[in-house]
Amino acid sequence: RFLTSKEEFHAFLRAGGEPGGRVGGEDEEKEQEKEEEEEEEQVSSCQSEPPAKRVRAEEPGQEEEHQEDAGKDGEHQEDAGQEEEHQEDAVQEEKQRPERRRARGQNKSRPCMKPKHYEQNRLCPSVTQGCPGKCHFGPRCRFLHDVGEYLAGKPPDLGQHCVLFDTFGRCPYGVTCRFGRAHLGDGHQNVVNAALAQQWEGKLLVRNNLPKELQHQLRKRKFIFQRAEEFLRGLQRRGGKGGRATGCSTEGQEVSNCTAPQEGLGDGDSPQCPVLPGQGQDPKAEAPSSQGDGVAPSIPTVGPLTDEDVTKLRPCEKKKLEIQGKLYLAPLTTCGNLPFRRICKRLGADVTCGEMAVCTNLLQGQASEWALLKRHHTEDVFGVQLEGAFPDTMTKCAELLNRTIEVDFVDINVGCPIDLVYKKGGGCALMTRSNKFEQIVRGMNSVLDVPLTVKIRTGVQEKVNVAHKIIPRIREWGAAMVTLHGRSREQRYTRSADWEYIAQCARIASPMPLFGNGDILSYEDANRAMEMGVSGIMIARQVPVVGALIKPWLFTEIKEQRHWDISSRERFDILKDFTNYGLEHWGSDTQGVEKTRKFLLEWLSFLCRYIPVGLLEHLPQRINERPPYYLGRDYLETLMASQNVDDWIKISELLLGPVPPSFTFLPKHKANSYR
């Protein structure tokens, strides 16, 4: 009933959903039905990720059936001869067909739309903030200071309502806001709703920002890493082998620390677990240095000196990560931004985690990398994920975050399969570098006051699982939890996740919690996963394991134990909320609008994979099934099913207005780049 051909599908969208847009003709319909059947067979048999839908003349399974029939009935010589000729023709046709490389990895040469591409003349921030005479650059400023000149070239407004003004009573972008007519008065003055603005006064909506003073310290390398330096000196004294850098890092000594009082704690008299200089200080508020070296503490302190300032937390006194049985939204590169996490949080996610951040970029004070650590006030259980290859940078980065941001846990990415990370020794490569892996886990655990978790894969090579050997060691090194993705690096995001192996590793990891990850697209998948004995499930990301990206309401389905036949209007409302959250986060000026559009289009490249429940022949939708072309129950549902970039841009224009001139977009991942 809903199946169609590629030509009919695009003709329907070009006609704007009008019935006349469908291709007519009985002969054409018969040919299209035949093509649909062949395409459906090809899709059902293909478990990999084809770059696009294409029709194949005959499937290998059909050839085998023909061969079996010819072998059983040897009397029919003519049929066998015809079959051989047919096979030869098929082979020749296959040879003549040009080879098509499988689309995978990233589009590294994709076009990048920078602010100057869609806004030639920008207004100086000092004018936007209402203090044009305080521009620090003076006549050397490359931005405009004349509001009239700016407005003459400003693109037209996109709507009558500004989400920032309607929500907070004030829009900080003033005349540069693309919805400025909602809050600009006489003389282009920014109007403020005092009553509404007072309700939000003093409330910190987004935390973990990068202060300018801290960025300056990192760039000038003046930030003091007391705990990390002490741990690294311990590594050097032991030759850098093993990773037992402190005398109280083994599991047995940790237990003794929790059960028996320490003698001489703080005065250095204990031979088994000496207190290292700087380790007994509070990460958020350091006590002034008493060594007389003239080095000021990196963070000023206020208030009286307490026991917390001079006594280091014992392992058993660290904050516990109690998330067993909760729904964990995985760190999603590119798409797992703060607005998307807000969507998932509203739809039922319990635990959220920021995008993967590279530790060296954080140590250099890169604002773009620190933006990945931002936390919305609605994220009650939030963590950050770090990627690195060496103990010194990872340990220093852990101490830096421990002292400057608010998180509930820190995760180490040992599951990233991309070559850029793997060839530098990070991600999955750490599973083959056990000494460095141990030093990283022990070092980060020694400087953190929050739990440390690790995300790994089954191994590096396909059919060579090593996670069951590494997990007991990770537990010994001090990690609070492990998340296991049921695929190897070579499998990337293809094939099915090995949940039998995940269950085996969960038994080995006990009593340490282990979360399973892979192939969760319905509440039935989640129930089967929990029956395997894991402590919880992580709902993740990529091709084809898209999970939360094509179906963010999956969290609601799991909690309510039902298949949600969500309508196209409800899905569009979710997209509308995402754009509103994006305008709040990235801004309502031209730059913020286009940044919101960029991330919306990246998300739409995954959302088009969703098949409405009401159209499925069987429930639930399988993660590796590639649907044929189909027409939805209305025009909007059909538009959302399109895998054409132009249709994604059309959806963005319904939410954010027309795109700038010469606008181009190509998804980050080749597997989603449908032309």
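## Basis of the model

The structure is a predicted model in which local features need pLDDT of at least 70 and side-chain atom pairs count only at pLDDT 80 or more, while totals for chains, interfaces and linings use all residues. Residues are numbered from 1 along each chain as its sequence is written, and side-chain values use heavy atoms, with hydrogens and water left out.

## The chain as a whole

The secondary structure of the chain comes to 27 helices and ten strands, where helices (H or I, at least four residues) and strands (E, at least two) are DSSP runs numbered from the N terminus. Of the 675 residues in the chain, 51% are buried, a term that means under 20% relative accessible area with a 1.4 Å probe, counting protein chains only.

Among contacts (heavy atoms within 4.5 Å) in the chain with a separation of 6 or more, 71% are between residues 24 or more positions apart. The chain exposes about 33,000 Å², of which carbon and sulfur atoms supply 48%, the areas coming from the Shrake-Rupley method with a 1.4 Å probe.

## Nonpolar cores

A nonpolar core is a set of buried Ala, Val, Leu, Ile, Met, Phe, Trp, Tyr and Cys residues joined through side-chain atoms within 4.5 Å. The largest one has 135 residues, and the members that touch the most others are Trp-370, Met-444, Ile-456 and Leu-514. Helix 25 (residues 590-607) gives the most to this core, with eight residues. A second, separate core of eight residues includes Leu-123, Val-127, Tyr-150 and Val-175.

Leaving aside residues up to four places away in sequence, Met-444 touches several residues, including Leu-386, Met-394, Val-410 and Leu-452.

## Helix 22 and its surroundings

In helix 22 (residues 523-531), the buried residues are Tyr-523, Asp-525, Ala-526 and Ala-529. Seen down the axis of helix 22, these buried residues fall within an arc of 155°, so they line one face of the helix; the arc is that of the directions from the helix axis to the C-beta atoms. They pack against helix 21 (499-509), strand 10 (536-539) and helix 23. Just after helix 22, Gly-533 takes a positive phi of about 100°.

## Ile-558 in helix 23

Ile-558 lies in helix 23 (residues 554-560) and counts as buried because its relative accessibility is 11%. Not counting residues up to four places away in sequence, Ile-558 touches Leu-327, Ile-520, Tyr-523, Ala-526, Ile-537 and Ile-539. Ile-558 and Leu-327 are 231 residues apart in sequence, yet their C-alpha atoms are 8.9 Å apart in space.

Conventions. Buried means under 20% relative accessible area, exposed over 50%, partly exposed in between (1.4 Å probe, protein chains only).
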